[in-house]
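Biologist: Please take me through this model one feature at a time, with the criterion behind each term.

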Amino acid sequence: MNKTDALIIGAGPTGLFTAHQLKLIGLDCEIVDNLDKIGGQCIELYPDKPIYDIPAVPECTGEELTNNLINQIKPFNIKTHLGERVDEVKKDGENWFVKTNLGKTFLTPNVIIAGGVGSFEPRKFSPKECEKFENKSIFYSVKDKTIFEGKIVSIFGGGDSALDWAVELSKTCKVNLIHRRDDFRGAQATVDKVHELAKSGKINLYTKYQLTNVVGEDNLESIEIKHDSKEVKIIKTDFVMGFFGLIMQLGPIADWGLNIDKKTVAVDTEKFETNQKGIYAVGDICSYPGKLKLILSGFHEGALAARACFKLARPNEKYRFEFTTSSKTIKDRLGVKSD
Amino acid sequence: MPKIIYNTHDNKSYTIDVQNGLTVMEGAVQNDIPGIDADCGGGMACATCHVYVDEEWMQKLPQKDDGEEDMLDMAFEPKKNSRLSCQIIVSDELDGLIVNIPSKQS
């Protein structure tokens, strides 16, 4: 059981800056995020896209913003639990008991939800029949590539993940690469490599096809794909992989007794507290009159929620407002020299 | 004000006055039309405002950006007439535009 003054759900820009604010005022915190890397939407959706409305930063990409925030919290050595989704948040006396999908548990008076639009989950195939083969012969990520050796693998998608795996697995298996159009959006070098392997017969390329059905009783036997021209092909296959990127789903947050409307959580604008004492929501996931879904709003919300956490984490102390320019205590926490 | 017609997958039809300059996605979200999620808020980064544009209107819309086609790779059951509604800006020329909303966005 991990005990902490505040647990932050979500390692996007808002979660990171909220962590900064908590540590600055002398509270502990830990961060949990379902993605395997820090940065949230900034890293997953638009790492290379420029952002122009961060105060005092005329232009930066999602990746640069994330790296700057990571640098800003570096002095605090904050414990981050990546690749884990918070599944349970339950009242336990004065505290909240929190449990992740991997079974890690936390006890904390404060839970701050900085979850964006929810947790990122892989986009799945649309035919319903795919569900029964999921994680047996249909995969949306690769954990152990050795299971594919010598088998027929059908890969769907047109981005880097699909192309990289097609190239990699073509060394040990028979690969079908299927994509809905002729253009691929992966790196040019990989696209060239795929075409080269297709020419030499190492990869069977099917473009302008989409998956319409999967066939098999206990084991997957074949797939049915349909061309734009309506022509249907049946392909024998042992495994199917889909790489259609990630989608955000509210997920378990919906089950924690919070006031949720249109995938956002209602909060007050003093503490950014939800209808549950000690649970706050900041960033894109919170809603209140006038809410703007901007990164800068998330920073403001996190700063105020952090102050609210102080009361519950240190009930016998009084929070004293201090500036980073002048406070010796804060400078000590940051590990910088005082004048 | 131009009228945009949103048809849902369960055969409901909504005719909405949408101000010039707003996107077809914003017209839907602001008027609580079901079936358009727009998770990323119009950043062409999520493909959850996917619509099928009525065939007759396809040619009248401005061309897709490369980025839009890339995102459509990830949409739920994309077709030839698929567009991201956040990339269609409403103007007088689009008065009467018909878009069909897929049965789901993910």
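**Chains, sheets and helices**

Biologist: How many residues of chain A are in contact with chain B, and which classes make up that side of chain A?

Modeller: In this predicted model, 15 residues of chain A are in contact with 15 residues of chain B, a contact being two C-beta atoms, placed from the backbone, within 7 Å. Ala, Val, Leu, Ile, Met, Phe, Trp, Tyr, Cys and Pro count as nonpolar, Asp, Glu, Lys and Arg as charged, and the others, Gly among them, as polar. By that scheme the side of chain A that touches chain B has six nonpolar, four polar and five charged residues.

Biologist: What numbering and confidence limits apply here?

Modeller: Residues are numbered from 1 along each chain as its sequence is written, while chains are lettered from A and ligands numbered from 1 in the order in which they are written. Because the model is predicted, local features need pLDDT of at least 70 and side-chain atom pairs count only at pLDDT 80 or more, whereas totals for chains, interfaces and linings use all residues.

Biologist: How many helices and strands does chain A have, and what share of its residues is buried?

Modeller: Helices (H or I, at least four residues) and strands (E, at least two) are DSSP runs, numbered from the N terminus, and chain A comes to seven helices and 24 strands. A residue is buried if 20 or more other C-beta atoms lie within 10 Å of its own, exposed if 12 or fewer, and partly exposed in between, with the C-beta atoms placed from the backbone. Of the 339 residues in chain A, the buried share is 40%.

Biologist: Why do E12 and E15 of chain A each have one side without a neighbour in the sheet?

Modeller: Five strands of chain A form an open sheet in the order E12-E19-E13-E14-E15, with parallel pairing, where two strands pair if DSSP finds at least two bridges between them. Strands E12 (138-139) and E15 (203-207) of chain A lack a neighbour on one side because both stand at the edges, each with a single partner strand.

Biologist: Which residues of helix H4 of chain A are buried?

Modeller: Helix H4 (residues 160-169) of chain A packs on the sheet, touching E13, E14, E15 and E19 of chain A. The cover over its buried residues includes these strands and helix H5 (188-199) of chain A. The buried residues of H4(A) are Ser161(A), Ala162(A), Leu163(A), Trp165(A), Ala166(A) and Leu169(A).

Biologist: How do the axes of H1 and H3 of chain A run, roughly parallel or roughly antiparallel?

Modeller: The axes of H1 (residues 13-24) and H3 (residues 62-73) of chain A come within 9 Å and cross at roughly 15°; axes are lines fitted to C-alpha atoms, for helices over the stretch in contact, and angles run from 0 to 180 degrees between N-to-C directions. Angles under 35 degrees count as roughly parallel, over 145 as roughly antiparallel, 65 to 115 as roughly perpendicular and the rest as oblique. H1(A) and H3(A) are therefore roughly parallel.

Biologist: In the hairpin of E16(A) and E17(A), which residue takes a positive phi?

Modeller: Strands E16 (residues 209-215) and E17 (residues 222-227) of chain A pair in the antiparallel sense over six bridges, and Leu211(A) stands opposite Ile225(A). This hairpin has six residues between the strands, and the one with a positive phi, near 155°, is Gly216(A).
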